[in-house]
Amino acid sequence: MKIAITSTGNSPDATLDSRFGRCSYFVIYDTESGSTEFIPNPNKQAMEGAGPASIQLVASKGVEKVVSGEFGAKVKAIFDSLKIQLIIVNDGTMTINKIIEMISKK
Amino acid sequence: MKIAIASGKGGTGKTFVSTNLFAVAEKEALNVTLVDCDAEEPNVNEFLDGKTTSTEIINQHLPVIDKEACVYCGKCRDWCNYNAIICLSENKQIYLIEDLCHDCGACLAACQYHAITEIEKRLGTVTIKAYSNQARIVEARSDIGVYSPVSVIKAALDKVQDTDLILMDSPPGISCPFIATVVPADFIVLVTEPTPFGLNDLKLSVETLEQLEKPFGVVVNRTGLGDERVYDWLEEKQIPLLMKIPFDKNIARIYSQSRLLVREDPSYATRFLDLLKTIEGLCKK
């Protein structure tokens, strides 16, 4: 299963980016292979619609879950109908490594 | 001449200045229209009433995607400049985010499979009221829940091209509704108050107007309140201080009773007429 995590930087030591649509990087973590892919978010500075454009990005990667600090109103309903689960982490100091570790335990 | 009355901070006195300017212009028998561009909460009608001559419903087009005809190629999404369409080719899903649609028609042009048609969605109304022979009031009113009032504001401004003097009561802030109001203006009156909040938001408005290369001046309302920083800043930036209105219980009372100061106090009728003339002078420069 693939999981998207919003990240402030392009390494596993970076912390979680608390915003979904305008995060700095998306990490695509594959629970089966354990591989991670860091994708710079092209929608970070979008005038409008950063959320929907970011859904387009992560959904086309085939993720089933998304981990972030916050999701905007426009995106929640669409994620719902795509049957992509949203996981909210309130701790902005948590690293990508730590999040992956927590997901892997489940 | 088109004058926008704007402010960064809300509640500084935009409508107060707009309605009083309108009243003095009307008394001078000028061909004047006051446009209430604060479409999300228009309130000019609290102070000035008139005989409604027309009410027009403002709509926008919204694409409808026929999922039977759609091949999920994603071209409409690629053409959409506003990220209003999500299309997932792999799992054959397509979504429209209505609020983001700007009614540009690009998706309609992009689709080669005749899968996109359009419907109309109501955004609000534009009401025109005759105040007197020479004076009109135009109200832009956005429906509750509509994402952006810009289309309704633009529709209202389209109606008033034939007037000599157009006063536009702007929405607060410096986002799209403000831009839509000030872009057509020849001059912008920024109303502020001498408080740290007033000054902070005044600076934001000035920065925006400088980028738009628009001439502007400042009216300081409720003088005596706050501190001197706004005056120091105006002097430093060499921004014209057009008028000072004191923090006065009587003015507040008159306003709170939906009355117009220029009709209650002749000295203010003179001062507001002077303000209008000052602006006219600055426009001609």
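1. Contacts of Leu202(B). In this predicted model, Leu202(B) makes contact with Leu190(B), Thr192(B), Val218(B), Val230(B), Trp233(B) and Leu234(B), once its neighbours within four places in sequence are set aside. Leu202(B) is also listed among the residues with the most contacts inside the largest nonpolar core, as are its partners Leu190(B) and Leu234(B).

2. The largest core. This nonpolar core has 39 residues. In soluble globular proteins, nonpolar side chains tend to be buried together.

3. The second core. A separate core of 36 residues is also present, and Ala25(B), Leu34(B), Leu48(B) and Tyr268(B) are among its members.

4. Architecture and extent of chain B. Chain B contains 10 helices and 11 strands. Its C-alpha trace spans about 70 × 45 × 35 Å along the principal axes. Of the contacts in chain B with a separation of 6 or more, 73% are between residues 24 or more positions apart.

5. Burial, surface and charge in chain B. Of the 285 residues in chain B, 49% are buried. The accessible surface comes to about 13,600 Å², with carbon and sulfur atoms accounting for 48% of it. The chain carries 30 positive and 40 negative side chains, and the centres of these two sets are 3 Å apart.

6. Architecture and extent of chain A. Chain A has 3 helices and 5 strands, arranged along the sequence as β-β-β-α-β-α-β-α. Its radius of gyration is 12 Å, close to the 13 Å given by the globule rule for 106 residues, so chain A is as compact as a globular protein of that length. The C-alpha atoms fill a box of roughly 35 × 25 × 20 Å along the principal axes. Among contacts between residues at least 6 apart in sequence, 53% join residues at least 24 apart.

7. Burial, surface and charge in chain A. Buried residues make up 47% of the 106 in chain A. The chain exposes about 5,200 Å², and 50% of this comes from carbon and sulfur atoms. The mean positions of its 12 positive and 11 negative charges lie 3 Å apart.

8. Asn41(A). This residue sits in the loop between strand 3 (36–40) and helix 1 (50–60) of chain A. Is Asn41(A) buried or exposed? Asn41(A) counts as buried because its relative accessibility is 7%, under the 20% cut-off. Leaving out residues up to four places away in sequence, Asn41(A) touches Phe20(A), Gly21(A), Arg22(A), Cys23(A), Ser24(A), Tyr25(A), Phe26(A) and Ser54(A).

How values were computed
Residues numbered from 1 in each chain as written. Chains lettered and ligands numbered in written order. Predicted model: local features only at pLDDT ≥ 70, side-chain atom pairs only at ≥ 80, totals over all residues. Heavy atoms only, no water. Helix = DSSP H or I, 4+ residues; strand = E, 2+ residues; numbered from the N terminus. Rg over C-alpha atoms; globule rule 2.2 N^0.38 Å. Buried < 20%, exposed > 50% of the residue type's maximum accessible area, 1.4 Å probe, protein only. Contact = heavy atoms within 4.5 Å. Areas by Shrake-Rupley, 256 points an atom, 1.4 Å probe, with all protein chains shown as cover. Lys, Arg positive; Asp, Glu negative; His and termini not counted. Charge placed at Lys NZ, Arg CZ, Asp CG, Glu CD. Core = buried A, V, L, I, M, F, W, Y, C linked by side-chain atoms within 4.5 Å.
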